[in-house]
Each structure stands twice: as structure tokens, then as C-alpha cells.
Amino acid sequence: MTAHNVVETNSDDRPLAIEARGLVKDFDGTRAVDGVDISVPEGAIYGILGPNGAGKTTTLRMLLGIIDPDDGVRRVFGHDRPHDIGRLIGYLPEERGLYPAMKSVEAIAFMGALRGLPLAEGRKRGLELLERHDLGYAADRQIRQLSKGMAQTVQLLGTLVHRPRLVVLDEPFSGLDAINQGKLEGMIRSLADDGVTVIFSTHVIHHAERLCEGVAIIAGGKVPYAGSVEAARDRIPAQVRLETRMREGAWANALPNDARREGDFFYFSLPETGIEPLLKTLIEGEAGILSLSIERAGLHDAFVAIAGEAAARQLEADQAGGAS
Amino acid sequence: MSNHDQAAIDARPRLSRLEAAWVIARRDFIAVLFSRAFLFFLIGPLFPVLVGGLAGSIGGQNSRAAVSSEIGLAMSADDNAAMIAAAASLKPQLRGGVPDLVQVPEAEGNSGFDARDYLEQRKGNYVAIVGGTLSAPEITATEGQIARWKGPVELLAGTALGSSPSTFPSSSTALVTSSAASERSLRLRTAGAAQMILFLLTMLLGGMVLSNLAEEKGNKIIEILAAALPMDAVFMGKLFAMLGVSFVGIAVWGAFGWGFWAVAEDAIVTVTQTNYRELPGPAVGWPMFMTLAILYFSMAYLLLGSLFLTIGGMASTVREVQTMSMPVTMMQLMVFFLAAYTVTMPGSVLETVAIIFPLSSPFAMLARAALEETLWTHALALLWQGFAVIVLVKGGSMLFRKRVMKSGGGGHAKKRRSWFGKRGNANSAQQSSVEPAE
């Protein structure tokens, strides 16, 4: 195997679909991406999270070979020139683009042809895909005659028509209503079930939390975290909510230092020693436990902790903007 | 599709550059050819031709009316008659050299007629008035008209007096189809006309590449193309698609022109006073000249088109594309002037420059094909122009990848040395609004 065709494996022995090390990209004196490392095993659903302007699209474009990094290494299925294996990749850009005068089925076939699928086969598959997604009636309609959601679906089908092994989706959920977002989540899961690697960028964390095996959090062009969703959530201790009948007592001294009282409840991080020793103290101190719940941190909390409050606020603003 | 077929597709992980260019060219060619816009594009040039024809006809009529060559006669009645008779007798030999003579009505029987006063009062429509007698004619006119008509008037007066022969010997003639001087002169006209047609076609059709790219930017589809295929293959595909469309346009216009010629050949010959069938062919012969014309048009088009695509690569918006195309259009005009200027100076340094500079090379070489028989220089020039096309396409696609595929509005300024030797500050993503990165 040459230096240009090196397939690395993940810690779980799956080969890597994508591997990026120290990717850097500058645009006219501005560092858009600053040393991004990402490893995506084959067959995984992987999310790139970050607020608008964080460097998600630039990173994806570098991974796909649309632009070249100024520094660092990227490999897709072991190839450092992604165009060399264009047939294996499907890409849905953030800014949707289709020829308005093209018929839906022709648009799908054309996108397949760009990836090496013969036009006739592309038309045949396009019809099948449209019918499978309840759009068979729109096969001969021009793109300009479709609704925005339908056009987005057509483009997504065009991204998949050549049956790629890696699908890269840039903000795929933006602009879709709740029903279509659900459908898209189903499609992504179905692709992963078929062994396809799916990478998508999003600023809506819930999608990533529901779908992804691994995520990379990008903020300010850097990746402060890349790994599994579980590990990200584990970075923050679980939060304990305690309600007691007694408001004071010696038992209160056993609560962790970060404990704070809000109304009838105490809130604090789950101690490293676990809840059992604390429970024992509370019972022996006759605190009168009325309720106790342990809540594991969500990906959003992890994002706030990892990327910082400013990035989190930006993310929330983006989400609000996207929702409107 | 069977698994075997799918495996066959999977076995080829990418399209070759040629295949990639073909995918783009096929789509663009069909899309443009079957668009309503192309129909309007095809009939577009007919309007200027129509307007030009009308304007020319009206202008010609006006200029014929304006440019009078009538000379008024203010001599005695007998002298006037003798002058008119002399003009009639000399007309067969001297044609345009003999002015049209008419009597000035106001001078008839008016011994006090003042020709100077008459002309200065803007009366009549005479270029000059001849008074006096046959032996001493007096010409009253502006300086230029006097210089022009003095000799003919004296010749007419002399003829009227009988001091020049009343009959002229008839010479025999030996007709040659051409001479070196006339052949070169006509070939120069062929070269100039060919350059002009080449220029008009490239300018007219080159704009299509630009509008095509602008459309793709507007449709946001360019990123899908850039992700799937090497950008130089995309550019090449677009160029050849538009070249194909151009050939269709030329074929349509050519057929229209041929039809017009077939119907109105006599009228065209009469109006232009040129028998085109008897014109000497270009130095390399018509078949080779036409072949070279097609090749040089292709090269001129590809060169201009690749420049337009490069502009597209540098521009971020459709408006920028349109604005930035203006300098290229002006440059193309300059290039045409350079090539046209050097037609009459073969072998000069300037002509060599025009041949070597890729953008003017097709024009200069087409003129050469009209004037010189050597063929190997054309092979060399075509290779050179082809190389220039490849370089421009590569450069354009690189610029496109570098400058257009930027996004978002984040990022942070790099530390870098300013012109004044101080280091720039490294702003945070929130502070920076200069450059993009999402």
C-alpha cells in the first residue's frame, strides 16, 4: 500500500472512512480552520457540531477535496485525494443547488452521472427512489415546480443514487419541517444499517444526540472534542436533585461543595465516590429524603462545557434562527 | 441493475477527466440548446444587421444627396452649351473625372451675376460656379473644390474651344485576372474581413460561457460539481459545451447567410460593386482557410472562455462576474486591434508579438493564412494556443477552488506582519467580520 493509500483502523478495529490530522485553512489572513483532527470509522454516523461560522463547512469541504488544506493531512478511505474515489462519496452541500429547468428524475440521474453512474441507470434508480419516497408523481416535474422540501428531497436522493459508501451532509436538517426532519433521520439510520458511513454537520444538537455514534465539536476553527457521544456526556458528572423534609442538619455537611439550594431542592454533581455513601449519611442524619434523582448530562450540556458558554449561546441563537 | 453491474461501477472509483468533462459538456450543451434563451440568442444578431442595413441605406441616400458634384455654369449661353457638350463628349473616357454641369438659372441673361455673393449666401447646391469665358474661365468655390475641379474645368473649356482632340484613339485591352499588387490587396481585405468575423463571433459567443457560470453560481450547483469532479474537468466541459453551442449558432447564421446569398447574390454584387466569385482565394486556398478558420475560432473561443471562467473563479457574486468581465472585453478589443494593425506588416516584431500572445494569436494567424501559404506555422500556433488554453483552465480552476469555495463568516485573523512592520492582532471569531469560514 502506498503512502497515498493508507487505511488506518479505529480503536474498535473498524477501518477509518475518514481521517484528518491537523487540518488548517486560511482565507486571506483569516484562519477558518485551525488544526482539526477527526477520525470516522466505516459504518458510523458522525456529527460535526458547532455554531455558524465555526468551521464546519470548510472542514467538510477539505475532507471532500473541494478545497485543499493549507496544512495537515486528510484521507478518505485511505486516499488523500478524495476525487480519486469520487464514486464512493455522496455529498449534499449546505446551499442546495439544482438546475431549475431539469426534471426531478433527470436531476437525480445527472447527480449520479457526476459520480460515474450511467445516465440510463441513474434514471431508473431515480424513479425507484422517488417512488419509494412518495414522490413518483413528481418525476417529470421541473425542479422549479417543486416545493422547497421536495427539491431538497430530490437533491438528497441525487446524493444517494450512485449508492455511495460515504455520505457527507452539510446541515441536512436546515429548512426541513419536523416531519421531513424525522424522515431524514430515518434515512440516515437506514444508510448506516446498510454499512454506509454518514457524516453530517449540524447546529441542532438533538439530531446528533439521537443519531450519532461519534461527534466532533468545532468552535472557532478548532476541535476541542472529538469522540463518542457517550464519552462527551461523561465529561460532565451527572447532576443530582435532592429533596429533603428537613431543611438543615449535620447531614448537610456531607453534600458536595458545589451543592446549591433552589427552593425545596438541592442540586449538585454526582460525587466521584457514587451516590451510596452520601445516601447512607443522609439516612443516618435523618434528613428525610422525599425524592432523589440522578440525571445524566446531555450532549448539549457537554457542548456547553466543552465549547464554552459563548459558543453555546451562538449555537442557541443559530437554532432559534433555523427554527424561524 | 444486477449486483454484477453495480460491482462494475464500483470497480471504477472515479471518472477520467475526459469522462468528467463529457458529463458536464453533455448537460450544458443540451440545456443551452433547448432553452428559449438560445432561440432569442440566435435571432439576436439579426436585429443589428437589420438596423444596420436600414441605417446604411438611409445614410447612403442622405450622403448621396449631401455630396453634390454639380458645377454651376454662369458663362454666356453659348459658352454654357459648349461646356456641357464638351462634358458629354469626355464623359465616356473620364467618367467620374468629369463634373456634372448645369446652368445657374439666376445667371442667365444677368451680366451682373456675382458668383461669390451667390455662393456665400448659400444659394443653389453647386460645388463651384464657373463664369468668365471659354478662353478665361473663372472658378468660384472653396479652396478644396477649386483644387479638385480646376483641371477638369480647364480641360472642358479647352475641349469646348476645340483645342483638344474631338475624338480619342481607341486602345485595345488585355485583361489579367490579377496582379501581385491587386492580389495582395484583395487578400489583405480577406484577412481583415476574416479577423473581423472571428472577433465578432468570439465576442458574441464568449459571453455565453460567462452567463452559464453566472447561472451555476445563482443555482448554487457549482459546489456539487466541485465536490464530484476535478474543477479543471468541469471548466473544460463547460468550455466545450459552449463551443458546441457556438458551432450550432454559426451553422444557423451561416445557413441564413448562405440562403440570403443564394437569393440576393446579384443585388449584393451590385450594391457592393464586387464580384465575389472572382475574388482571389486566400493564400492557403479556401478549403484549408475554412478549416483553419474553424480551428482558430475554436482556440479564440476557448481562450476567451477560459478567461471568463477564471473571472468566474475570482468573483463571489453574479454581479461581480459581470463587472469583472468588462476589462476582459476591453482587452479582447485591444487584442483585436493589435492583430488587425499587424496584418499589413508581416514579419515585423509587432506581428510576432501578436502571434505569440495567446489571445491575439488566432487572429494574427488567421490573417497569415489569408496572406501566406506556409502551413507548418499554423500547426505550431495551434499547439501553442492549445497549451495556453490548458494553462488558463488550470489556473482558473485553481483560483476557483481557492477563492470561491469559501463560506460562512467566522474564523479568526492570523497573526501576520503588516506593511508597517507591526504584527496584526489575532482577533477572536466574534471580533472578526472580515473573512469567512464556517
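## Cores and confidence in a predicted complex

The largest nonpolar core holds 152 residues, and those with the most contacts inside it are A:Ile217, B:Leu225, B:Tyr296 and B:Leu366. Its largest share, 15 residues, comes from helix 11 of chain B, residues 286-314. Another core lies apart from this one and has 24 residues, among them B:Ala74, B:Ala82, B:Ala115 and B:Ile129. In soluble globular proteins, nonpolar side chains tend to be buried together.

Leaving aside neighbours within four places in sequence, B:Tyr296 is in contact with B:Leu198, B:Pro362, B:Met365 and B:Leu366.

B:Arg368 belongs to helix 14 of chain B, which covers residues 361-371. B:Arg368 counts as buried because 25 C-beta neighbours lie inside 10 Å, the cut-off being 20 or more. The C-alpha atoms of B:Arg368 and B:Ala191 are separated by 7.4 Å, although these residues are 177 residues apart along the chain.

The model is predicted, and the predictor gives the complex an ipTM of 0.80 and a pTM of 0.72. Chain B has an average pLDDT of 79, with 78% of its residues scoring at least 70.

Where pLDDT is low, the predicted coordinates should not be read in detail.

Note on methods: Residues numbered from 1 in each chain as written. Chains lettered and ligands numbered in written order. Predicted model: local features only at pLDDT ≥ 70, side-chain atom pairs only at ≥ 80, totals over all residues. pLDDT = per-residue confidence, 0-100. Helix = DSSP H or I, 4+ residues; strand = E, 2+ residues; numbered from the N terminus. Buried ≥ 20, exposed ≤ 12 C-beta atoms within 10 Å, placed from the backbone. Core = buried A, V, L, I, M, F, W, Y, C linked by C-beta atoms within 7 Å. Contact = placed C-beta atoms within 7 Å.
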